[in-house]
Amino acid sequence: MYTRVTVTLTTAALLLATLTACASRDGDTAEDKPSSSAGSPSAEGSAEPPRDDAAVLSEAVTAYTKAYFEGDADTAYGILSERCRAEITPEAYRAVIGQAAKDYGPDHEAVDIGANVSGETARVSYKVTGLPKFDKKAQPWTWEGNAWKYDAC
């Protein structure tokens, strides 16, 4: 039991540390904040990223950040890339999300979202209202299964 709890807490801490770490590259810049549009963070019927990929990507970032701080583990886990889902179980991720919701509460949205999109990958920069330590610069996202997925694991 002790080992299982330790492994779960260690995994949770590592994922939370990944979320809080700022990854950046020289030359990456954030574009102006894209205009928001209604709809889901995916483009139905398209294997390629949609033409308005910056707006669709912005919606995905907004949905992920909202789910993360509201403790909605199912939604947040669903926005993780396949690579990230392979690195953490839904149960361990649920513990991470639960702790974030407990520690910070739900009132923290992604704002000033800018993206540098190149094909099926993107680097996203944004701020988290009220929690500057969670602000991101050049966070990796990937296009998978007709949707943008968080890939900063």
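A search of the whole structure, which is a predicted model, turns up one disulfide, a term that stands for a pair of cysteine sulfur atoms within 2.5 Å. The bond is formed by C84 and C153, whose sulfur atoms lie 2.2 Å apart. It links distant parts of the chain, with C84 in helix 4 (residues 82-87) and C153 in the segment after strand 4 (147-150), 69 residues apart. Helices (H or I, at least four residues) and strands (E, at least two) are DSSP runs, numbered from the N terminus. Because the torsion about the S-S bond of C84 and C153 is about -90°, the disulfide is left-handed. What is the relative accessible area of C84? The value is 2%, so C84 is buried, whereas C153, with 25%, is partly exposed. Here buried means under 20% relative accessible area, exposed over 50%, and partly exposed in between (1.4 Å probe, protein chains only).

Residues are numbered from 1 along each chain as its sequence is written, and side-chain values use heavy atoms, with hydrogens and water left out. As the model is predicted, local features need pLDDT of at least 70 and side-chain atom pairs count only at pLDDT 80 or more, while totals for chains, interfaces and linings use all residues.

The loop between helix 3 (73-79) and helix 4 holds S81. With a relative accessible area of 0%, S81 is buried. Leaving aside neighbours within four places in sequence, S81 is in contact with T142, E144, K149, Y150 and D151, where contact means heavy atoms within 4.5 Å.

Four strands make up an open sheet in the order 1-2-3-4, with antiparallel pairing. Strand 1 and strand 4 are the edge strands, each pairing on one side only. On average, neighbouring strands of this sheet are turned by 35° against each other, direction ignored. Axes are lines fitted to C-alpha atoms, for helices over the stretch in contact, and angles run from 0 to 180 degrees between N-to-C directions. Two strands count as paired if DSSP finds at least two bridges between them. In general, strands of a sheet pair through backbone hydrogen bonds, either parallel or antiparallel.

Strand 1 (residues 110-118) and strand 2 (residues 121-128) run antiparallel and are joined by seven bridges. One of the residues involved is A115, whose bridge partner in strand 2 is V124. The hairpin of these strands has two residues between them, and in it G119 takes a positive phi near 65°. On to the next pairing: five bridges hold strand 2 and strand 3 (residues 136-144) together in the antiparallel sense. The bridge partner of A122 in strand 3 is W141, and R123 stands opposite P140 in strand 3. Helix 2 (residues 53-70) packs on the sheet and touches strand 1, strand 2, strand 3 and strand 4, its direction making about 135° with that of strand 1.

Aromatic rings provide another theme. Rings of Phe, Tyr and Trp (its six-membered ring) pair if their centres lie within 6.5 Å; planes under 30 degrees apart count as stacked, over 60 as edge-to-face and the rest as tilted. By this rule the structure has 10 aromatic pairs. In one of them, the rings of Y64 and Y68 have centres 6.1 Å apart and planes at 40°, so the pair is tilted. Y64 and Y68 are four residues apart in helix 2 and therefore separated by about one helical turn. Y64 is buried at a relative accessible area of 2%, and Y68 is buried with a value of 2%. W143 and W148 form an edge-to-face pair, 5.4 Å centre to centre with 70° between the planes. W143 is buried, with a relative accessible area of 5%, and W148 counts as buried at 1%. Ring pairs also link Y64, Y68, F69, Y104, F134, W141 and Y150 into a cluster.

Finally, the backbone deserves a look. Most residues other than glycine have a negative phi. D112, however, has a positive phi near 55° without being a glycine. D112 is found in strand 1 and counts as partly exposed at 44% relative accessibility. Where does N146 lie? N146 is placed in the loop between strand 3 and strand 4. Although N146 is not a glycine, its phi is positive, about 65°, and at 27% relative accessibility N146 counts as partly exposed.
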